[in-house]
Structure formats: structure tokens, C-alpha cells
Amino acid sequence: MTFRATVLTLYPEMFPGPLGVSLAGRARDEGKWALDCVQIRDFAIDKHKTVDDTPAGGGAGMVLRVDVLAAAIDHARAANPAAPVIAMTPRGTPLTQARVRALAAGPGVIVLCGRFEGFDERVFAGRGVEEVSVGDIVLSGGEPAAIMLLDACIRLLPGVMGAASSGTEESFENGLLEYPHYTRPAEWEGRTIPEVLRSGDHAKIAAWRKSQSEIDTRSRRPDLWEPYEGARVQPASGARRKKKDMDQ
Ligand code: SAH
């Protein structure tokens, strides 16, 4: 099954962009995923091809019109009917590796890229659109966010990554940041590689990596560490509860 990405944008010339080279580009050449770009302006209803209008209530900037967006979404859905529709917006749910993994396991995705002040709010409920953010930053348009989302999905498609295991050991896959990496030279400007990594003792290396993962997650990402630690404690108490139930 080919993962089908449909991108709704005012700047189709931005695609495939970075998705046309390296891993993603090769995978596309091999038919592992397909890309269609839809020009939102083609769905404008007036002769001037207007896609935006001034914000209701006043204020700076322009807002993408709901009728134009809905027509573009309906067109994209007809060609990619099983794919979820995702709008890129800083107001959306922060994107996670878990959501990326779920998307990559599906038929594809229809991605709506905003510009100006963003979308008329009514399009989300009116067309069942999921709102997704790529971080607490504001971009000038949804296109780089769409490229991020698609890149993250594409590398997980079957046969795209060289070593299958490189997908599962990575940051976020087990709720932690990945451990740090090193390679030759063994010494660089007086800085050495941790001795354990040169020991050849695989069990010791695995233990070191796990502990580094935990140390770094704890200090760099308390937001990840808290749920990870919580989940680690939870099964143990769950098991205890079960045993107690059995004892009774
Ligand atoms: N007025 C909006 C920002 C608009 S930025 C606000 O304050 O929430 C213009 C477009 O860039 C958005 O419609 C969206 O498609 C895209 N964009 C900007 N930042 C983004 C982010 N962090 N994640 C996803 N898309 C983003």
C-alpha cells in the first residue's frame, strides 16, 4: 500500500522540496509514498481568486476563508478518501512520535497549510479537521510544518529506513530521549569516548545507554521524565495489587 500525502497549500512550489531528496526522495521514486499538491487558490469562488478576508472583529492580517478551504478539502478527500485531514496550526495538539507512528501505519494524510493569520475556525468542526502544531513557535506558513510531519511519517514506512531497528531505539519511542552517540576518532581535542563504549561488553553498554537515556531525559525534558517515571512505578504497584488480590 502506498502512503498518499495530499498537501493543500497556496505555495505548491515548496513541494516536494526537502522531501524530494535523500531518504524521502528515494522512497518516493520507489513508490513507497506519493505526493499530490492542491493549490487552495483553485477553489476560490470569485473572479479575483480571493482566498482570504479581513478578520471578523477587526485586527491585523488576513484569515483564510472557510468556503474556499472546505472546497479544497472536499476535492482532496475525493482523491484520498481514507486519509485523515490535518491542519497545521500553532493552536493545535503538539505533534508526537506516537501520532506520527499511527499516521505512518495508515493510508496517508491530507495536510492543510495555513498562511497569514490562519484559518477561519469553522472549517475544523465543519470538515472534521484535526489541528496539529509542530512546536511552540510561530512559522510564516504551514508548509515547513507539513514537511516536518510528512518527513517523520515517511521514514517510518516499511522498507524506507535501512536498519529497521534504527526506528525503534530512537528518542521518544520508549518515552525517553535517546542516549548520546560517539564515533572515531577515539580522542578529539583532548575529549575521549566513554570507556564503556570501547569495552566490547554488550550488556554493560546497554546498561550505560539506558542510564544515560534516563539521566538526560530527567535533566533536559522533565515533561517526558514525569510520565515515564510514573509509568515505571505504576506496573509494579499494579502487579502488587494483583498478587494481593490473589492472596485474598
Ligand atoms: N495567527 C496564528 C499564527 C499564524 S502563522 C496564531 O497566532 O496562532 C501562519 C500559518 O503558519 C498558520 O496558519 C499555520 O498553518 C502555520 N504555522 C505557524 N506556526 C506553526 C506551528 N507551530 N505548527 C504548525 N503550523 C504552524
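Modeller: Start with Lys49. At 36% relative accessibility, Lys49 counts as partly exposed. This is a predicted model.

Colleague: Why is Lys49 called partly exposed?

Modeller: Buried means under 20% and exposed means over 50%. Lys49 has 36%, which lies in between, so Lys49 is partly exposed. Lys49 sits in the loop between β2 (33-39) and β3 (52-53). Its phi is positive, about 60°, although Lys49 is not a glycine.

Colleague: What makes Ser22 exposed?

Modeller: The cut-off for exposed is over 50%. Ser22 has a relative accessible area of 54%, so Ser22 is exposed. Ser22 is a residue other than glycine with a positive phi, near 55°. Ser22 belongs to helix α1.

Colleague: Which loop holds Tyr182, and why is Tyr182 called partly exposed?

Modeller: Tyr182 is in the loop between α5 (143-154) and β8 (187-188). The relative accessible area of Tyr182 is 43%.

Colleague: What does Tyr182 touch?

Modeller: Leaving out residues up to four places away in sequence, Tyr182 touches Ile193, Pro194, Leu197 and Trp208. A touch here means heavy atoms within 4.5 Å. Tyr182 and Pro194 are twelve residues apart along the chain, and their C-alpha atoms are separated by 8.6 Å.

Colleague: Where are the cis peptide bonds from Phe15 and from Arg184?

Modeller: The bond from Phe15 to Pro16 is cis, with omega near -5°. Pro16 lies in the loop between β1 (3-9) and α1 (22-29). The bond from Arg184 to Pro185 is also cis, with omega near 5°. Pro185 is in the loop between α5 and β8.

Colleague: How many aromatic pairs does a search of the whole structure find?

Modeller: The search finds two.

Colleague: Why is the pair of Phe119 and Phe124 called edge-to-face?

Modeller: Two rings pair if their centres lie within 6.5 Å. The ring centres of Phe119 and Phe124 are 5.7 Å apart, so the rings count as a pair. Planes over 60 degrees apart count as edge-to-face. The planes of Phe119 and Phe124 are at 80°, so the pair is edge-to-face. Both Phe119 and Phe124 are buried.

Colleague: What makes the pair of Trp225 and Tyr228 tilted?

Modeller: The centres of Trp225 and Tyr228 are 5.5 Å apart, with 35° between the planes. Stacked needs under 30 degrees and edge-to-face needs over 60.

Colleague: Why are Trp225 and Tyr228 separated by about one helical turn?

Modeller: Trp225 and Tyr228 are three residues apart in helix α7 (residues 222-247), so about one helical turn separates Trp225 from Tyr228.

Colleague: Now the whole chain. How many helices and strands does the chain have?

Modeller: The chain has seven helices and nine strands. Of its 248 residues, 38% count as buried.

Colleague: How does the radius of gyration of the chain stand against that of a compact globule?

Modeller: A compact globule of 248 residues would have a radius near 18 Å, but the chain has 23 Å. Along the principal axes, the C-alpha atoms fill a box of roughly 70 × 55 × 40 Å.

Key:
Residues numbered from 1 in each chain as written. Predicted model: local features only at pLDDT ≥ 70, side-chain atom pairs only at ≥ 80, totals over all residues. Heavy atoms only, no water. Helix = DSSP H or I, 4+ residues; strand = E, 2+ residues; numbered from the N terminus. Rg over C-alpha atoms; globule rule 2.2 N^0.38 Å. Buried < 20%, exposed > 50% of the residue type's maximum accessible area, 1.4 Å probe, protein only. Phe/Tyr/Trp six-rings, centres within 6.5 Å; stacked < 30°, edge-to-face > 60°.
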